Amino acid sequence: MGNYYDLDDIIADNQKLPCKFNVTVPGLGYLEGNIGQPLDANTKLNLPLWLSSVLAICEVSQDSQTTFLDLIHPEFFNNKVINAIRANAVNIDLHSILPNYYKLCEKWCVMFSDVELIEVVSQMLKERSNEINDYGQNPKQISSMAGNKFLYSLDEFEKRLYKISTESHKLSKEWFHNQD
Amino acid sequence: MYILPSNYNQAYNHIVTTSLTHSTCKLVIFVSCLDVDALCALRILAAVFKKKLINFQIVPIVGYADLATHYTRLDADVNNIILVGCGAMVDLESFLDIDVGQFVDATRSLEAETVLKRKIFVIDGHRPWNLDNVFGSAMVTCFDDGLIGDLALEKDAYNFLVNIDDDELNQEEEEEEEEEEEEEIFEIDETDISRKRKSSSSSPQTKQPKTRKRVIKDNETTIENYYGQGTTVVTSVTSQVYSLVSLIGETNNLDNLWLAIIGSTSLEHQYPELWARLADLFRKEVRRLNHGADEERTADDSRLTVEKDYNLFLLRHWSLYNAFYYSNYINSKILLYTEQGKSKLNKIFAKMGISLSVAQQLWIYMDIGIKKKLHNIFTKVLVNQYGFDSLATEGYFRSFGYNGSVSARDCVEAISSLLEHEENSAPSESDDIDALTAEKEKLWVANFWRSWDALTDLAKIRQGIQLALFSQQLIFQVGHSIIEKKQLKNLKIFRLVVLSSSDYHLSLTAKNDASIHTNTAAGGRKFFLNPLNLMKLGNWLLDTISEVDDTLLPLVLAALDLETDTYLVIGMAPKVPKRGDGGSAALLNTFSVAFQHVANTTGVKVRIDSFESSVIEVRKDDLAPFLEKLTLSGLV
Amino acid sequence: MALPLQFKTSFLPLEINFLAENELITILPRVSMKSVELIGTNLPNLNAMRRQEIPLWLALILKAQDKCQIIPPIWLNVAYLKARYDEELEFPNRFSSLPWHWLELSKMLLTKASDDLTDAPHLIRSIIQDLREVRLVKSRKGLKELNEAYLQLDNLSLMEINEIRPYVAEVMDELKKLSDCVKKDDSMDMETNDYEEDENY
């Protein structure tokens, strides 16, 4: 939220989330495919986070209590995924679930405090980051079968972490072996 | 002027005191870029100056013309110039157009002695010295090897001729310059025919006493004879630099000794007596520096040892059989270019008890038992039965920790092939001779720096060795074909080989290492346009001839450059066949004098630029008349 | 500034090397020299054969000119380092105490002043390699305890810290962000609670 200029943040914001409209809005039919028609209440749509998060908080008018839409619990934070993470954090393919998992997790949890989710995700981060550091110290391992699979399963934040880790170990090693 | 070996450190101190500044560079070192000896010497010098925190600039140059251009571009700040591997045979003051008066330091000059702001130091092994440099110039200091003392006669003659009266000066001066300007450089092309020699004016004879005239004539003949005796190399530059460095106190440096050994070994092929003289000194030095070495090898080990070595080409880097096959020495002894020669080689192996399959394995994989017994086998069979006296000699080995060890001879081969080898032999677009030559020279300079790096890097030396293997095979092929096709013509006073374009379609394909981009069609063509390669071929032929034919005739080789339409011609002195004792008088190379003379008299278009004055370039059409004149000139 | 990521997150090993060169080291000068005033430090009077402490970079220059002999620091010998190594193996949860710049100093002395060391250079080199590897393994283990607030790894040298710094900083940042999300909500909940209370009241 505080990183207005951060590219990763902007991309993460663009992630579409399912939401349910609470009111009928004229003229927005094109979102559903009916151009010119009003958008009925209770339609489910996928809207990007930057739009839906605002609309979910904003009330329709000064007095009413209903917001424009409600955010539906997305599938990447549902119980199935959480159980999968709990089972085996290291091998889970995070990239295919959501490329910006951690970022989105943060944003979601700011709005809906989901303590359980945070716990699970923190634990996952710790385990995976250890694995990343291991691969960072032995860069040759990453080209093996297991290593490749792991590399492709990383989400954007983890990829950055991996890059940082390898760079710093590489520089250290180079300096250490340089005979100048 | 010249300084004795014991006084080298004076010159060094002078250089240090006048060049020490942090604001600009006051020391420039010019070095001949096709010379392994000069390269090693330069490396030692560079290390010494770096330690003293003196700024200096290294300029590799390809020829005298290059030297002149770079000299004119020098800053006025430059206080000291060192010439390594070049400059001994040229009158530097007149060649570089130096006005000595410009450099007189008026504030510090005393009445008797002028102090000069700029000095030139010459460290070179080429002889004969230009007497102007040695006796006549206050600005040029030559590093003597102890032999200038023998030139007393010439010194007197020189001084006499310099000091005679003004009246006679005009006449005498012209004649004097005639003698002394044997080594003048000519660049004759179509537009500009500039001959530096003044034609002797026919001024009327003055009334000179006959005796005086005779004395003058005598002196002139002495000088003429001195210059006319031919060129040779009498000492290695690296050994001179090494003695300089030991005089200043760097006595325990193994790297310097190693470089000195490499530099001196590079002269072994052509000048075996020189090497024999220096070998003693080096052996003593190695013994002195090696006292602390343990038996075991450690990772930091970098010791220098003296061990038995054989006169086989790069023995430890390919198979035993190949080392025998491609060695100059063996080849000349048993005439490998004939069929009987090849079968004789097989017989030799049989007599040694080494089967051909074993001999053709790579050295590193060969049976250890055989390796250990090799020396005994060699002595028994080769030396005693076949009379190969010079097969087993002493070699110097340097080990680099766990990375391996290399012998000095192998190093020399590696570095000289790095100097010779062209990286990308792409045909150039321009037609202009000057542009082509400029490109070629730039390439040589680039090769110089490549070899510079290789001097401390074992990996690069290994690359160079691969290149050397390739070039030796190439030389052999060409040499064989020359002898088979009887292209070696025996003209009464010298032998001649002309390499035309048809010789370059060789069937040898290079191993396609990433480091060797050799395209045989183009690579073969340009291979012999490098004087070093041509000289290697000449050496090979001379070795072969010396075993077959007893008449000692010098050899002239000519290689055609299709792009510039010129022939690169080199002349080499004959060789006495190698004997075990290694001693025989040096045969001097008289081609330098002869080439100059022929070039002057016939007016053919030639270009004499290289530091080895027996290397010249002749225009294609002028080759025949040139050679004709050469035979008729009687100077060879 | 447009610096590569690596420059922003940590020191370069070369920069650490530079910092290490400022350490004082004892030398035995072979010649006498007057003191020289330099920017930031002074080279004191050097008397031949009398020990003196000067910064390492000056010592290396003088050594290259053959003007002095460097006395190796007390920790740079096989016995001391071997004792440390045994200590490392003995206590798998702790790091043994080594000087702050041990890696950089040992590397510089091994390359430039190897003849001044008391033991053979290759032995020292191998023990240093062993030490470094053991400590690397231990630090990897220690990082498993990573949490968002607190990490303590005693007795690591600057170079070793620098190696893991970017990684650790990033992970801790992210963990903190995640946990912050939850905490913020707690505080927000508390606010709304207050509001409700106010209303009721």
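Domain bounds here come from an automatic or database domain assignment. For chain A of this predicted model, that assignment gives domain 1 (7-71) and domain 2 (75-178). The C-alpha centres of domain 1 of chain A and domain 2 of chain A are 31 Å apart. This briefing describes the contact between the two domains, with attention to the side of domain 1.

**Extent of the contact**

- Domain 1 of chain A contributes eleven residues to the contact, and domain 2 of chain A contributes nine residues.
- About 950 Å² is buried between domain 1 of chain A and domain 2 of chain A, with 73% of it on carbon and sulfur atoms.
- On the side of domain 1 of chain A, the residues that lose the most area to domain 2 of chain A are A:Asp8, A:Gln15 and A:Leu71, which together account for 40% of what that side buries.

**Charged and polar pairs**

- Two salt bridges are found across the interface of domain 1 of chain A and domain 2 of chain A.
- A:Asp13 forms a salt bridge with A:Lys107, and their closest N and O atoms are 3.7 Å apart.
- One residue pair in polar contact, both at pLDDT 80 or more, is found across the interface of domain 1 of chain A and domain 2 of chain A.

**Make-up of the domain 1 side**

- On the side of domain 1 of chain A that touches domain 2 of chain A, the elements giving two or more residues are α1 (7-13), β1 (16-21) and α2 (49-57) of chain A.
- α1(A) gives the most to this side, with five residues.
- By class, this side of domain 1 of chain A has five nonpolar, four charged and two polar residues.

Definitions and conventions:
Residues are numbered from 1 along each chain as its sequence is written. Chains are lettered from A and ligands numbered from 1 in the order in which they are written. This is a predicted model: local features need pLDDT of at least 70, side-chain atom pairs count only at pLDDT 80 or more; totals for chains, interfaces and linings use all residues. Side-chain values use heavy atoms; hydrogens and water are left out. Contact means heavy atoms within 4.5 Å. Buried area is the accessible area (1.4 Å probe) that two parts lose on being put together, summed over both. A salt bridge is a side-chain nitrogen of Lys or Arg within 4 Å of a carboxyl oxygen of Asp or Glu. A polar contact is a pair of N or O atoms within 3.5 Å; within protein, one must be able to donate a hydrogen and the other to accept it, and residues adjacent in sequence count only if both atoms are side-chain atoms. Helices (H or I, at least four residues) and strands (E, at least two) are DSSP runs, numbered from the N terminus. Ala, Val, Leu, Ile, Met, Phe, Trp, Tyr, Cys and Pro count as nonpolar, Asp, Glu, Lys and Arg as charged, and the others, Gly among them, as polar.
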